[in-house]
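Please keep the sequence and the model open while you read this note.

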Amino acid sequence: MEASILQKSPLDGLAVPHCFFGFFDAFRDFWYNVLRRLSMGQFPQLGILAWELGKAGSHRSQKGTLMAGLSDTLRGDIQPRMELFSGRRARRARETLQGYLFILPATIILLLFHFLPVFYAFYISLHKWFIVKGDYVGLANYTRALTTDRFWNSLKVTLWYVVGTVPIQLLLALVIAYLLFQKIRGKEGLRMVYFLPYVTSTVASGAVFAKMFNPTFGPINKALDAIGLPVLRWMKEPRGIFTVMGEMWGINVPFGGPSVALVTVMFFVIWFWVGYDATIFLAGLGAIPYELYEAAKIDGAGRWQLFRYITIPLLSPTTFFLSLIAIIGSFKAFNHVFIMAAASATEIGGPLRTTTTASILIYNNAFGTPTFGYASAMSFLLFVLILIVSMLQNYIGSKQVHYV
Amino acid sequence: MSVKAATAKPVRLRIQPGRAFIYLFLIIGASIAIFPFFWMVLTSLKTQTEVARGAFWPEQFRWYNYLEAWSEAEWGPYFDHSGRWIPGYFLNTLFIAACTVTANLFTNVLAAYAFARIRFPGKNVIFFAFLATMMIPSEVTIIPNFLLVSKLGWVNNYLGLIVPWTASVFYIFLLRQFFMGIPNELYDAALIDGCGHLRFLIQIVLPLSKAALVTVVLLSFIGSWNSFLWPLIVARDVALYPIQVGLRSFITEMGNEVQLMMAAATFVIVPVLVLYFFTQKQFTEGIATTGLKG
């Protein structure tokens with residue numbers, strides 16, 4: 001019944017060569033037939049549906065394309081039984097099946113490698129698993145993680161990492177985005193330069209940073225020395241930054257803070273992310289209606305007031321999004337921490353575990369000493385923590401974020 | 001929402017000293033952003049004694065370092081002792097990236113189209129489940145994935161490096177947003193003319209979505225080029241190393257030969273920088289779209 005309409009289609013003349021569709025027809029018809037043959041016995045309805053689908057694609061195969069013959073051969077001896085499936089119902093059923101077929105490849109990959117592994121990881125975490133599966137131990141891996149200093153130490157390091165990178169990075173990015181948003185020359189070029197760090201591999205740029213902060217020949221220490229400031233041992237220095245600074249000026253600081261090595265990593269993180277954050281802030285700034293500024297200016301608002309009472313509140317969804325990304329990213333920080341330690345010839349997560357972030361600890365326990373069960377338990381704890389943080393942020397966000 | 005919109009409505013500034021300050025601030029910031037690259041290239045042209053002395057500028061540009069860095073590790077194709085052809089780090093990465101990008105286009109375009117256009121039961125639930133997988137940190141999935149891949153015999157195999165990354169919720173989301181922007185009337189008209197979903201997708205939607213497709217190709221290519229942790233675990237054999245894992249072993253092996261290390265870092269970074277330089281518009285717009293709507 002549809003065939004008569006299908007015969008003539010103005011879309012036929014468009015760019016893609018016709019034989020291309022001949023191939024598709026043949027391919028589709030083949031699979032529908034396989035499906036039909038397989039299912040006729042048990043699921044006659046499905047079989048008929050498959051036949052319907054095959055038929056729907058057949059109108060083009062009468063046009064003498066390259067693959068049409070093959071397509072017809074494959075269709076073979078099927079008898080039409082269209083009275084069972086017709087009109088809207090058939091179209092709806094076909095659409096449904098098509099929808100599932102379209103998402104099938106992506107679903108298989110995502111299920112296999114992103115979704116089901118979560119459950120498998122939980123299963124692993126309940127066992128002693130030294131490369132191969134061992135005894136069932138219940139929640140012992142979790143209690144072990146929660147009672148060791150190393151786990152809490154890694155959370156402390158991660159917390160410092162968040163505190164030391166996220167606010168500074170967002171503030172700098174906001175200022176840069178705001179300035180780039182003004183009417184200035186060369187903003188395209190500047191924006192490109194700011195974004196550069198984000199596209200580079202963290203392995204290469206992390207190594208460059210490690211060498212720049214080298215205590216003996218690195219340019220940072222040379223510069224500090226040249227302007228008369230004391231030099232630091234950077235990636236080799238496990239003592240807290242406040243302790244070291246206090247010592248320099250002869251003050252006794254009771255509070256160590258993050259190690260100097262971790263501060264070095266933070267420099268890298270800020271350098272890496274500021275351009276990305278600024279790009280997203282710029283898009284956010286562009287979305288603020290200009291009329292609001294106009295109206296406020298007529299009411300006599302100064303530039304600072306415009307910034308404080310229009311830009312900041314209306315940018316809050318962007319700020320919220322970026323802080324969420326940055327905090328979750330901190331929990332997952334791995335590549336640059338790993339490579340900066342490697343390029344400075346300190347142990348991974350060193351010196352003295354002061355750069356052992358949560359994911360470095362998990363990596364060390366999973367692939368350093370292969371205790372998969374224990375590492376999985378820790379990764380699950382981290383997952384729960386990330387969920388809590390995101391929900392907390394969502395809760396705060398729902399109260400603080402303003403939408404246009 | 002696009003970056004372009006950001007340039008359209010500037011807030012006007014009148015005071016000139018303020019303007020000078022803006023330029024100063026932005027230029028200092030940009031210099032900090034670019035300094036590590038500058039220092040990297042400069043160091044790659046020094047002699048080892050210059051590096052050890054901490055000289056900022058090399059007396060003579062020593063381009064030979066690049067040749068030396070290249071020949072010190074398996075960057076390019078070579079024959080191993082048994083006469084087997086080994087592609088080397090660069091070709092490995094190009095091969096893995098090409099496969100990953102192609103497969104990503106195939107799976108993600110189909111899924112994104114289904115989520116944007118096709119009506120089927122459970123669509124919203126499935127899409128939500130897809131989005132939920134973005135919340136899962138890779139630390140949780142990496143161990144089970146490694147076990148799965150080793151059970152399949154894909155450790156030390158290209159399949160293990162490629163297959164887990166052949167679909168991405170991020171790109172599905174990006175493409176879906178784009179496909180949803182294509183007017184419904186277009187589909188209705190095509191439907192009356194007897195056009196099915198697959199045909200509509202290929203003949204109408206894809207030609208209209210070139211910008212989004214280019215963004216997906218770019219982002220997945222650079223993602224594949226820069227990926228490190230997974231290949232570090234799965235590629236055990238040097239013959240299979242992609243570029244980042246190769247660079248990492250080069251860094252640990254070279255120890256004090258900083259100039260060679262920097263030369264290697266340069267030729268690992270430069271292809272991506274060149275790519276970014278020519279396509280930065282698509283790139284930043286892709287980031288801004290997904291970033292803001294994610």
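1. A polar contact is a pair of N or O atoms within 3.5 Å; within protein, one atom must be able to donate a hydrogen and the other to accept it, and residues adjacent in sequence count only if both atoms are side-chain atoms. With that in mind, look at A:Thr200, whose side chain reaches the backbone oxygen of A:Pro197 at 2.7 Å. A:Thr200 lies in the loop between α8 (187-199) and α9 (202-212) of chain A, where helices (H or I, at least four residues) and strands (E, at least two) are DSSP runs, numbered from the N terminus.

2. Before going on, please note that this is a predicted model, in which local features need pLDDT of at least 70 and side-chain atom pairs count only at pLDDT 80 or more, while totals for chains, interfaces and linings use all residues. Residues are numbered from 1 along each chain as its sequence is written, chains are lettered from A and ligands numbered from 1 in the order in which they are written, and side-chain values use heavy atoms, with hydrogens and water left out.

3. Is A:Thr200 buried or exposed? A:Thr200 counts as buried because its relative accessibility is 3%, and buried means under 20% relative accessible area, exposed over 50%, and partly exposed in between (1.4 Å probe, protein chains only). Leaving out residues up to four places away in sequence, A:Thr200 touches A:Ser205 and A:Phe272, and also B:Phe37, B:Asn226, B:Ile269 and B:Leu273 of chain B; contact here means heavy atoms within 4.5 Å.

4. How many residues does each chain bring to the contact? Chain A brings 108 residues and chain B brings 111 residues. The area buried between them is about 10100 Å², with carbon and sulfur atoms giving 76% of it; buried area is the accessible area (1.4 Å probe) that two parts lose on being put together, summed over both. On the side of chain A, A:Phe102, A:Phe113 and A:Lys183 lose the most area to chain B, together 8% of what that side buries.

5. Between chain A and chain B there are 15 residue pairs in polar contact, both residues being at pLDDT 80 or more. Helix α5 (residues 87-125) of chain A gives the most to the side of chain A that touches chain B, with 22 residues. By class, this side of chain A has 75 nonpolar, 19 polar and 14 charged residues, where Ala, Val, Leu, Ile, Met, Phe, Trp, Tyr, Cys and Pro count as nonpolar, Asp, Glu, Lys and Arg as charged, and the others, Gly among them, as polar.

6. Chain A as a whole has 18 helices and two strands, and 53% of its 404 residues count as buried. Strand β1 (residues 127-130) of chain A is joined to strand β2 (residues 132-136) of chain A by three bridges, and the two run antiparallel; two strands pair if DSSP finds at least two bridges between them. They form a hairpin with one residue between them, and A:Ile131 in the turn has a positive phi of about 65 degrees.

7. In a regular strand the side chains alternate between the two faces of the sheet. In β1(A), the covered face holds A:His127 and A:Trp129, and the uncovered face holds A:Lys128 and A:Phe130. Across the pair, A:Trp129 stands opposite A:Lys133, and A:Phe130 has A:Val132 as its bridge partner. β2(A) is hardly covered, since the count of buried residues among its five residues is zero.

8. Side chains of opposite charge can pair when their charged atoms come close. A:Glu237 is buried, with a relative accessible area of 4%, whereas A:Arg233 counts as partly exposed at 43%.
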